[in-house]
Amino acid sequence: MNTAAKKTLTLVLSDVEMEVLDSLSSEKSLSKTAVLRQALRLYQTVDIRQHRGEKLFFESESKEKAELMLL
Amino acid sequence: MNSKHRPNSQWYARMIQDTLDDDFVIGPPFDAKAKEAATPAEQPLTVAFGLLVKLSRRAKRLSVEELAEKLSVEVDELQHIEHEPEFRARPRTISKIANFCDVPVEDVMKLAGAAVSNDASFNTHALKFAAHSDDMAALTREEQETLKSFVRYLRDQE
Amino acid sequence: MLALFNRHTQQMETADLLDRIEAEDVSSFEQRWLPPMQAKREELRQAGKLTLEEATRWNVADAHWEWPAKVRNRAGQLQWASYALRCGGDTQGLLFLNMVYKCRHPEQLKKHMVYVDLVSTAPWNRPRLVPNPMYGGIGTVLVTEAIIRSLDEGFEGRVGLHSLPGAESLYRQKFKMDCLGPDSAYGNLLYFEMTPQQAAALLSSTGL
């Protein structure tokens with residue numbers, strides 16, 4: 001079994017950022033670490049697809065599409 | 001792998017006995033028309049080509065722009081080579097890359113998809129090398145060894 | 001310490017679970033898994049019998065899956081977690097998990113989960129494909145690992161998967177997952193989800 005070595009990162013967040021993190025953590029029943037880990041996965045996933053030329057859209061209830069210029 | 005959630009070995013033994021005759025395969029729906037999983041001879045080797053370029057470049061601590069300038073090729077082309085297995089590089093660029101990596105041009109042509117390779121052993125070596133394509137920022141010792149080993153193999157083909 | 005059941009010796013045998021599919025496992029797949037699976041698939045095709053039913057009967061419905069390509073394309077992507085199960089000196093099982101997936105079950109709608117994307121076992125372990133299959137338990141160990149990973153990630157054991165035909169009773173009865181019906185977006189395969197309560201009950205069970 002090979003457990004990948006883990007590294008520690010110390011993160012300094014503003015009050016507002018911390019509030020957002022707390023709120024997401026509570027809403028999604030995830031630890032703050034798990035929220036950030038998931039955010040990193042999502043960031044990379046979106047980034048990779050955009051690199052390939054794909055576009056990210058949000059579709060409203062009325063089926064209007066708006067491109068999300070996120071990253 | 002350690003996890004506090006892992007059940008004990010009796011649990012596993014019992015569960016395994018209980019599910020011994022069950023089918024487990026999980027994945028996409030059956031496709032009768034799917035082309036046969038490509039044998040090593042058919043799979044594109046361009047991932048190995050892209051990886052060879054990327055690792056060789058990083059081993060010399062060059063950015064894509066610096067390498068492009070050094071080889072007098074387009075930055076875009078190098079980026080496509082490193083990131084897109086579907087991309088087909090120009091022969092002139094391939095030959096400059098072969099010189100840069102100091103490996104036989106004919107072999108790099110095969111990796112780059114500009115020449116056909118029917119050599120199963122060559123293809124297997126290239127695919128094993130390609131399977132190491134983790135995108136890490138710094139060239140780890142493992143990557144260095146992987147690169148050295150593959151380059152040695154290519155040079156031995158001469 | 002993980003183990004698989006060796007059907008020949010009728011004993012449990014120590015197995016190694018790697019937290020990433022490695023080059024060695026890809027080689028094993030290409031050189032030792034593929035040839036017998038492709039041979040059977042080709043035999044069915046020549047006989048005009050390459051249908052879902054026949055492929056399932058012979059346990060080769062996955063013979064066309066491109067594990068090497070997936071390993072290459074997904075390497076370095078945090079969305080995908082892969083595992084290789086080795087025993088007796090060879091790769092016996094392979095697993096891909098999707099870590100960016102949300103639940104559909106009404107009780108846990110849109111919560112994070114671990115989705116089991118691909119599970120496969122070496123052809124010499126497959127009943128119906130070979131007369132004397134070697135190891136048993138690969139699928140159990142790998143699907144259980146998905147549940148454990150879900151717990152480790154803070155997803156409370158939520159797991160989702162689509163079942164190939166023939167495996168439904170396994171997930172329903174043995175793993176005690178909820179079936180949410182056929183998924184028209186995925187070849188009408190049955191979609192299953194496990195809730196935190198089911199995960200806790202399963203992993204702490206002492207007998208059926």
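Let's begin with C:Arg126, whose side chain makes a polar contact of 3.3 Å with the side chain of C:Ser120. (A polar contact is a pair of N or O atoms within 3.5 Å; within protein, one must be able to donate a hydrogen and the other to accept it, and residues adjacent in sequence count only if both atoms are side-chain atoms.) You'll find C:Arg126 in the loop that runs between strand E5 (112-121) and strand E6 (135-136) of chain C. Helices (H or I, at least four residues) and strands (E, at least two) are DSSP runs, numbered from the N terminus.

Is C:Arg126 buried or exposed? It is buried, with a relative accessible area of 1%; buried means under 20%, exposed over 50%, and partly exposed in between (1.4 Å probe, protein chains only). Leaving out residues up to four places away in sequence, C:Arg126 touches B:Val25 from chain B, as well as C:Met37, C:Asn59, C:Val60, C:Asp62, C:Ser120, C:Thr121 and C:Pro133. Contact here means heavy atoms within 4.5 Å.

## How to read the model

This is a predicted model, where local features need pLDDT of at least 70 and side-chain atom pairs count only at pLDDT 80 or more, while totals for chains, interfaces and linings use all residues. Residues are numbered from 1 along each chain as its sequence is written, chains are lettered from A and ligands numbered from 1 in the order in which they are written, and side-chain values use heavy atoms, with hydrogens and water left out.

## The nonpolar cores

In soluble globular proteins, nonpolar side chains tend to be buried together. A nonpolar core is a set of buried Ala, Val, Leu, Ile, Met, Phe, Trp, Tyr and Cys residues joined through side-chain atoms within 4.5 Å. The largest one here has 49 residues, and the members that touch the most others are C:Leu97, C:Val116, C:Tyr171 and C:Phe175. Helix H4 (residues 138-152) of chain C gives this core its largest share, seven residues.

What does C:Tyr171 touch, not counting residues up to four places away in sequence? Its contacts include B:Phe24 and B:Ile26 in chain B, and also C:Val143, C:Leu161 and C:Phe192 in chain C. Apart from this core lies another, of 37 residues, with B:Val47, B:Leu62, B:Phe122 and B:Ala126 among them.

## Salt bridges

A salt bridge is a side-chain nitrogen of Lys or Arg within 4 Å of a carboxyl oxygen of Asp or Glu. Over all chains, the whole structure has 25 of them. One crosses between chains: C:Lys174 and B:Asp22 meet at 2.7 Å, N to O. C:Lys174 sits in helix H5 (residues 168-174) of chain C, and B:Asp22 in the loop between helix H1 (9-18) and helix H2 (46-59) of chain B.

Within chain B, B:Lys110 pairs with B:Asp107, their closest N and O atoms being 3.9 Å apart. The two are three residues apart in helix H6 (residues 105-111), so about one helical turn separates them. B:Lys110 is partly exposed at 23% relative accessibility, whereas B:Asp107 is buried at 6%. In chain C, C:Arg104 bridges to C:Asp183 at 2.8 Å between the closest N and O atoms. C:Arg104 lies in the loop between strand E4 (90-102) and E5, and C:Asp183 in strand E8 (residues 178-183), so this pair ties together parts 79 residues apart in sequence.

## Where the chains meet

The size of an interface is often given as the accessible area lost when the parts come together. Buried area is that loss (1.4 Å probe), summed over both parts. Chain C and chain B bury about 5200 Å² between them, 59% of it on carbon and sulfur atoms. This contact takes 71 residues from chain C and 44 residues from chain B, with three salt bridges across the interface.

Chain A and chain C bury about 1600 Å² between them, 47% of it on carbon and sulfur atoms. Here 17 residues come from chain A and 20 residues from chain C. How many salt bridges link chain A and chain C? The count is one, and C:Glu153 forms a salt bridge with A:Arg41, with 3.0 Å between the closest N and O atoms.

How values were computed:
Buried area = accessible area lost by both parts, 1.4 Å probe.
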